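My entries follow the display.

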Amino acid sequence: MSFVSSFRRDWLASPRADILAGIVVALALIPEAIGFSIIAHVDPKTGLYASFSIAVIISLVGGRPGMISAATAAVAVVVAPLVIEHGVDYLFAATVLMGVIQVLAGFLRLDLLMQYVSRSVVTGFVNALAILIFIAQLPQLTGVTWVSYAMVAGGLAIIYLFPLLTRVVPSPLVAIIVLTTLSILGGLSVNTVGSMGKLPSALPSFQLPDVPFTLDTLRIILPYSLTMAAVGLLESMMTAQIVDDMTDTPSDKRRECKGQGIANFVTGFFGGMGGCAMIGQSVINVKSGGSTRLSTFVAGAFLLFLIVVLGPLVAQIPMPALVAVMIMVSIGTFSWRSLRNLRSHPWQSSVVMLATVVVVVWTHDLARGVLVGVLLSGVFFAAKVKRLLTVESSLSADGATRTYAFAGQVFFASTDRFAESVDFKEPVGHVVLDVSAAHFWDISAVGALDKVVIKLRRGGVRVDVRGLNQASATLIGRFGVHDKVLSTGSSPPASH
């Protein structure tokens, strides 16, 4: 594919829709960036500058067109102790190092770890995030006047009913414009964007983090940077997979890892906190018609234009309008089909999904929830594969030879079954272990075979191992010891 055709596909496939979607995302980014700054105990401009910088840079170097990356709560929670104990400049230094680690992760192909995240974990992640997005709106829905509730209801009505008239303009943008106009003209008493924090009035500038360039500084920031990098990549890879499914298009996860690293590395030098992909904003973007890099670029660039040039006007946007948009995102993000699937899907899949949801919502930590889901998936998978190992036993007509025919997978989870299937007390002189329908996967499996053969030989039984496939034979030849151990009363080494 030529550069021109690639550029058109990634940037100019649907410019009008992408620009409008980017504007909607930019408006929705402002209160979230300010809120995340508060979580991280930094000035609102730190989150706003980060959202601008990360969104613009990731649009150029990221691997998932149409996905929105900016300052996020997942990273903000991690860095709060660092800011409290050492100051904001250490946060900037940690963000730079976070970027370096993520770029290295891209070169090391750590994105391939996503292959071990099951569909149930992804569904649980999505549902938990939808719940967290809704919970995050509750402070704007408690202790407020009836006007706020009316505006939220009106905003939701516009969002869901306006598309019945036309889809030329994204309905969330229409809702924000209409409710802002009503709020200003009517002088309504509601919370506004300006009430969340002061918006910056200047462009971000390049600056080196004011920290000592010593090993002590590295010792302080490295644990935070590693955690930020891991959480950021995990959320970004999960979000990329979700956007892949929503748009039915593939993405370059390896490039996305590197892109996230480059964006965070640069952002640290412009007074911004670390960030990653945002599923909520990405859903807003896709549902508003954004599908290319242009929408992500517009979101970042227009965000900076809003806060620097139109700051006084933006400060008057009523929070109920943005709450309505985020509730729409929450409803649209949640996989309602997963509730129906609880009765039809295997119970193990349902347990994995529910456990992921519960842990994420309980801890507000996406990484912990996904880790629990992956571990449970691994346990259930191991138990399932373990049952796939079958053993059939037969005795020769003269009663002298017992044959055990193994079929299935022999690995760490099925070694007990492999060994327990053999009767070591049976008075036979010859045992045949037929593994022509089995496969040995690891050294635990090799150890199980060694244990069986050696124990039988020590009982004076002649043992033959038959039917090893090439891969299993190579593994056993390298790590097995049963042919190297001479036992009292044993016959010659087993034949393979």
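The entries below take the pocket, then the cavities, then the sheet.

Ground rules. I worked from a predicted model, in which local features need pLDDT of at least 70 and side-chain atom pairs count only at pLDDT 80 or more, while totals for chains, interfaces and linings use all residues. Residues are numbered from 1 along each chain as its sequence is written, and side-chain values use heavy atoms, with hydrogens and water left out.

I looked up the largest pocket and noted a volume of about 840 Å³. On a 1 Å grid over the protein atoms alone, a pocket is an open set of points with protein on both sides within 12 Å along at least five of seven lines, and lining residues have an atom within 4 Å of a point. Points are joined across faces, edges and corners, and the volume is the space filled by probe spheres set on them. I found 31 lining residues, with F36, I39, A73, L132 and A136 nearest the centre. Two or more lining residues come from each of α2 (15-39), α4 (73-86), α6 (119-137), α11 (279-287) and α14 (319-333). Helices here are DSSP runs of H or I with at least four residues, strands are runs of E with at least two, and numbering starts at the N terminus. The largest share, seven residues, belongs to α2. By class I noted 22 nonpolar, seven polar and two charged residues. Nonpolar covers Ala, Val, Leu, Ile, Met, Phe, Trp, Tyr, Cys and Pro; charged covers Asp, Glu, Lys and Arg; the others, Gly among them, are polar.

Entry on the cavities. A cavity is a set of grid points where a 1.4 Å probe fits but cannot get out. I recorded three of 30 Å³ or more. The largest cavity has a volume of about 50 Å³. Its lining consists of I58, S59, R64, P65, G66, M67, E256, R293 and T296. The elements giving two or more of these residues are α3 (44-61) and α12 (293-308). The lining has three nonpolar, three polar and three charged residues.

Entry on the sheet. I traced an open sheet of four strands in the order β3-β4-β5-β6, with mixed pairing; strands pair if DSSP finds at least two bridges between them. β3 (390-395) and β6 (462-466) each have a single partner strand, so one side of each lacks a neighbour in the sheet. Twist averages 15° from one strand to the next. β3 and β4 (residues 401-410) run antiparallel, joined by six bridges. I noted that S393 has Y404 of β4 as its bridge partner.

Methods: Axes fitted to C-alpha atoms, helices over the stretch in contact; angles between N-to-C directions.
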